[in-house]
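This report covers aromatic pairs, sheets and cores.

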Amino acid sequence: MERAEFLSKFGLGLVAVCAGCSLASCGSKSSDPSPGGVTIGGAPPPPMSGSGNLFTVDLSGQLMNIGDSFVSNGVIVVRLASANMPTSFTAVQVACTHQGTAIGYNESQHRFICPAHGSEFSDSGQVLVGPAALPLHEYTVSVDNTMLTVSS
């Protein structure tokens, strides 16, 4: 086999394999869950009514400083003030409503920011800067002594 013939056949075979892999990776099964229960490309559905408490946080060991955050069950909780009272915290969905990327809290700007496309949200989850068009779902925070509870 000549070198040119070998390279030609090898190249065509490689193209066929790559094309097959690309097509296979583009497909999806309706039974496949999205990562972390997050709906990509839009806001996850709000929690079902009466679903109750999502999780608790012991404030004697976590969220001790202003700006500290904690993520659990698709929710990000941030300490906004020093007192152990509900208004000192905010809890919103962690998935950006644009494409589902996990957001983070920027303490100096007092905003949730999506690292993927720059969407920004207020402490209560309202859209401040797009491309996100929908607000983040806000959860209820209650505090009993040093136990913070997040509920839907």
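## Aromatic pairs

Rings of Phe, Tyr and Trp (its six-membered ring) pair if their centres lie within 6.5 Å. Planes under 30 degrees apart count as stacked, those over 60 as edge-to-face, and the rest as tilted. The model is predicted. How many aromatic pairs does a search of the whole structure find? The search finds two.

Phe-55 sits in strand β1 (residues 53–58) and Phe-70 in strand β2 (residues 69–72), so the pair ties together parts that are 15 residues apart in sequence. Buried means under 20% relative accessible area. Phe-55, at 9% relative accessibility, therefore counts as buried. Phe-70, at 21%, counts as partly exposed. Tyr-105 and Phe-112 make up an edge-to-face pair, with 5.0 Å centre to centre and 65 degrees between the planes. Tyr-105 is buried, and Phe-112 is buried too.

Phe-112, in β6, is the bridge partner of Tyr-105. Strands β5 and β6 (residues 111–113) run antiparallel and are joined by three bridges.

## The three-stranded sheet

A further open sheet has three strands, in the order β2-β3-β4, with antiparallel pairing. Here the edges are β2 and β4 (89–93), and each pairs on one side only. From one strand to the next, the twist averages 20 degrees.

Four bridges connect β2 to strand β3 (residues 75–79), and the two run antiparallel. Phe-70 stands opposite Val-77 in β3. Ser-72 has Val-75 of β3 as its bridge partner. The hairpin of β2 and β3 has two residues between the strands, and Asn-73 there takes a positive phi near 50 degrees. On to β4: five bridges join β3 to β4, again antiparallel. Val-75 faces Gln-93 of β4 across that pairing.

Is β3 mostly covered or open? It is mostly covered, with five of its five residues buried. In a regular strand the side chains alternate between the two faces of the sheet. Val-75, Val-77 and Arg-79 point one way from β3, while Ile-76 and Val-78 point the other way. All of these are buried.

Val-71, in strand β2, gives another picture. At 47% relative accessibility, Val-71 counts as partly exposed. Beyond its neighbours within four places in sequence, Val-71 is in contact with Ile-76 and Val-94. Its C-alpha atom is separated by 9.8 Å from that of Val-92, 21 residues apart along the chain.

## Nonpolar cores

The largest nonpolar core holds 13 residues. Which of them touch the most other members? They are Leu-59, Val-75, Val-77, Phe-89, Ala-91, Leu-148 and Val-150. The elements that give two or more residues to this core are β1, β3, β4, β9 (140–144) and β10 (147–151).

Val-75 shows how these parts meet. Leaving aside neighbours within four places in sequence, Val-75 is in contact with Leu-54, Phe-55, Phe-70, Ala-91, Val-92, Gln-93, Val-94, Tyr-139 and Val-150. Another core, of twelve residues, lies apart from the largest one. Among its members are Val-78, Cys-96, Phe-112 and Phe-121.

## Confidence

The protein averages a pLDDT of 78, and 66% of the residues score at least 70. Where is confidence lowest, and where is it highest? It is lowest in helix α1 (residues 3–26), at a mean of 47, and highest in strand β7 (residues 120–121), at 98.

Residues 14–49 stay under 50 in pLDDT. For this stretch the model has 25 contacts beyond four places in sequence.

Technical notes. Residues are numbered from 1 along each chain as its sequence is written. This is a predicted model: local features need pLDDT of at least 70, side-chain atom pairs count only at pLDDT 80 or more; totals for chains, interfaces and linings use all residues. Side-chain values use heavy atoms; hydrogens and water are left out. Buried means under 20% relative accessible area, exposed over 50%, partly exposed in between (1.4 Å probe, protein chains only). Two strands pair if DSSP finds at least two bridges between them. Axes are lines fitted to C-alpha atoms, for helices over the stretch in contact, and angles run from 0 to 180 degrees between N-to-C directions. A nonpolar core is a set of buried Ala, Val, Leu, Ile, Met, Phe, Trp, Tyr and Cys residues joined through side-chain atoms within 4.5 Å. Contact means heavy atoms within 4.5 Å. pLDDT is the predictor's confidence in each residue, from 0 to 100.
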